[in-house]
Amino acid sequence: MKESFGKFDQKTLETNFKEAMKDKDFAYVTSLIDLDDKEVMKHTSKIERSSEELKNCQNCRNLHMCKNKITGFVYFPHVKQDRLHFEYVACKYQKKHLQETSSTCNYYEMPDALSKARMKDIDLTDSKRVAIIKWLKAFYDTYKTDPHQKGLYLHGSFGSGKTYLICAMLNELAKTERDITIVYYPELLRSLKEAFETDFATRINKLKKVNILFLDDIGAEAVTPWARDEILGTILQYRMDAHLPTFFSSNLNIEELEIHLSNTKNGVDKVKARRIIERIKNLSTDIELLSKNRRN
Ligand code: ADP
Ligand code: MG
């Protein structure tokens, strides 16, 4: 009894499968499955759904037109350990959309809008920016083959677009380089002061080792010997030794930053400030951005 039921079942599967194979999209999906027909037959209705969804894709030109059950995805078979599984795979429009919208830079204490900055949106009319844009483009192009280039010390007037320009390039790079951190430096120091010891160590470690680091607005912080020597000094020393690209933006040029770093409420310490400046110089190329204030 059991056997005859089994035979009957197998026969139905075969009939349904043969019938379904008349459809060229179904036959196409089936041709992609590297398994015995006997195994494949068990999944006729699921394969039918895949081929229906692929049919929808053939006439589709963008995500808004998507007719599939889950917008931007196709229900698709794949073989794993000789078994057939189905999963939702992103279509070409969805893949592009995900790439364009997912910035994987880790932003800390920075305005949200910066994560959307892109190189293609950079305003090229301002001739003073050309040298910087060229520099950023060269860094971007070379990064794949040389991930140990120097970063940038970009200084200049308030609102000239320093933060924006560096973020635009790093956001672009974030499509392939997952390990990028961008922090607003004055706020970082404030929050570290309040951090618990274990959290503190983890965070410093991350800043030391992240593949690319951008310390935004250095020189705008209140300097303490602790912040300068234990935090900044430690991070920069590590990154220098490991040749990890490090970016800075500042309203101060490097000489002004040296003076700024030497003054704490405990007095003036030119030697310690000089030590930090040497590390910054070692880690980055110094460029000035003079431009109108874009903040209105
Ligand atoms: P800075 O860091 O030099 O003080 P920002 O990078 O914060 O200046 O830029 C000031 C403002 O101008 C921001 O609101 C920023 O979004 C905008 N901005 C800067 N550069 C561009 C650009 N190339 N295209 C569009 N907006 C820009
Ligand atoms: Mg800025």
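A residue is called buried when its relative accessible area is under 20%, exposed when that value is over 50%, and partly exposed in between, using a 1.4 Å probe and counting protein chains only. The structure I am presenting is a predicted model, in which local features need pLDDT of at least 70, side-chain atom pairs count only at pLDDT 80 or more, and totals for chains, interfaces and linings use all residues. Residues are numbered from 1 along each chain as its sequence is written, chains are lettered from A and ligands numbered from 1 in the order in which they are written, and side-chain values use heavy atoms, with hydrogens and water left out.

I begin with helix α8, which spans residues 185–194; helices here are DSSP runs of H or I with at least four residues, strands are runs of E with at least two, and both are numbered from the N terminus. S191 is found in this helix, and it counts as buried because its relative accessibility is 19%. Its side chain makes a polar contact of 2.9 Å with the side chain of R203. By a polar contact I mean a pair of N or O atoms within 3.5 Å; within protein, one must be able to donate a hydrogen and the other to accept it, and residues adjacent in sequence count only if both atoms are side-chain atoms. L192 also belongs to helix α8, and at 1% relative accessibility L192 is buried.

I turn now to the ligand. Which residues are closest to ligand 1? They are G159, K162, T163, Y164 and R295, out of 14 residues that surround the ligand, where a residue is near a molecule if one of its heavy atoms lies within 4 Å of it. By class, this shell holds three nonpolar, five polar and six charged residues. In that scheme Ala, Val, Leu, Ile, Met, Phe, Trp, Tyr, Cys and Pro are nonpolar, Asp, Glu, Lys and Arg are charged, and the others, Gly among them, are polar.

Oxygen atoms of the ligand meet the protein at several points. For G161, a backbone N or O atom lies 3.0 Å from a ligand 1 oxygen. For K162, an N or O atom in the side chain is 2.8 Å from an oxygen of ligand 1. For Y164, a backbone N or O atom is 2.8 Å from a ligand 1 oxygen. Taken alone, ligand 1 exposes 550 Å², of which the protein buries 76%; these accessible areas come from the Shrake-Rupley method with a 1.4 Å probe.

D217 has a positive phi of about 65° although it is not a glycine. D217 sits in the loop between β6 (212–216) and α10 (225–242). Is D217 buried or exposed? With a relative accessible area of 18%, D217 is buried. H243, likewise not a glycine, has a positive phi of about 55°. H243 is placed in the loop between α10 and β7 (246–250), and its relative accessible area of 52% makes H243 exposed.

Finally, I consider pairs of residues separated along the chain. L84 lies in strand β2, residues 83–90, and is buried at a relative accessible area of 7%. L84 and I33 are 51 residues apart in sequence and 8.2 Å apart in space, C-alpha to C-alpha. T30, in helix α2 (residues 24–31), is buried at 7% relative accessibility. T30 and S51 are 21 residues apart in sequence, with 9.2 Å between their C-alpha atoms. T15 lies in helix α1, residues 2–20, and is partly exposed, with a relative accessible area of 48%. From T15 to M41 the C-alpha distance is 9.4 Å, for a sequence separation of 26 residues. Thank you for your attention.
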